[in-house]
Amino acid sequence: MELVHLGHACVVADTGSARILIDPGAFSSGYETLEGLAAILVTHQHFDHLNLDKLPALLGQNPGAELVVDPGTAEQLRERDIPHTVREPGETFSVGGARVEVVGGDHAVIHPDIPGIANNGYWIDGSVLHPGDAFTVPERTPDVLLLPTAAPWLKASEAVDYLRAVAPPLAVPIHEAVLADPDLHYTLFSNLAPEGTEVRIAPRGVSFTP
């Protein structure tokens, strides 16, 4: 599998049989010109995970792509008459020969006074896990964990504890756009990662093989 981090939560996963885009949001770039996508997966409705203004053009240049979303995002798409498929945690489906498992269920708490929303994590081919905005610990260990780095709902110690709980062979930090200096967090993850876990920083827009 090849991965490309396009900034913040946006990642392209190429399994060899399917090219999948996850979370084309407002803090990411480079996804606007992608073609040949089998699927676009959206973890939840927040603008940094889905740019609704750019979505129609992206779908137009990828007519074969299935748009898969959580129940909360579906409400926004229905208002704009954008075709989509709703998936929920516990479901498994195939796109272009790739197997996708949906995990999670709820977005992490930002503040008790802010209403909660749905959040899908996506596990691709039993290898790469994108948790969205949640710290869902899977029943099995993924080969690659896309690790949330910073957000209003997240503090660094929680991200470290999540990294230790999952303990993947490889962790790739994402969700960093709110930071002035992400390297400070990246160093923290590297220093506090569990034994056997490599923390690898993915240069923005550059393809790499885990």
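User: What makes the E101 and R99 contact a salt bridge?
Analyst: In this predicted model, the side chains of E101 and R99 come to 3.0 Å, N to O. The cut-off is within 4 Å for a Lys or Arg nitrogen and an Asp or Glu carboxyl oxygen, so the pair counts as a salt bridge.

User: Why is E101 called buried?
Analyst: E101 has a relative accessible area of 10%. Buried means under 20%, so E101 gets that label.

User: And what makes R99 partly exposed?
Analyst: R99 sits at 41%. That value lies between the 20% and 50% limits, so "partly exposed" is the word for R99.

User: How do you know that E101 also pairs with R140?
Analyst: The closest N and O atoms of E101 and R140 are 3.0 Å apart, and the limit is 4 Å, so this is a salt bridge too. The pair links distant parts of the chain: E101 is in strand β8, while R140 is in the loop between β10 and β11, 39 residues apart. Together, R99, E101 and R140 are linked in a salt-bridge network.

User: What makes E198 and R200 a salt bridge?
Analyst: Their side chains meet at 3.2 Å, N to O. That's within 4 Å, so E198 and R200 qualify.

User: Why is V178 called partly exposed?
Analyst: V178 has 46% relative accessibility; exposed would need over 50% and buried under 20%, so V178 falls in between.

Methods: Residues are numbered from 1 along each chain as its sequence is written. This is a predicted model: local features need pLDDT of at least 70, side-chain atom pairs count only at pLDDT 80 or more; totals for chains, interfaces and linings use all residues. Side-chain values use heavy atoms; hydrogens and water are left out. Buried means under 20% relative accessible area, exposed over 50%, partly exposed in between (1.4 Å probe, protein chains only). Helices (H or I, at least four residues) and strands (E, at least two) are DSSP runs, numbered from the N terminus.
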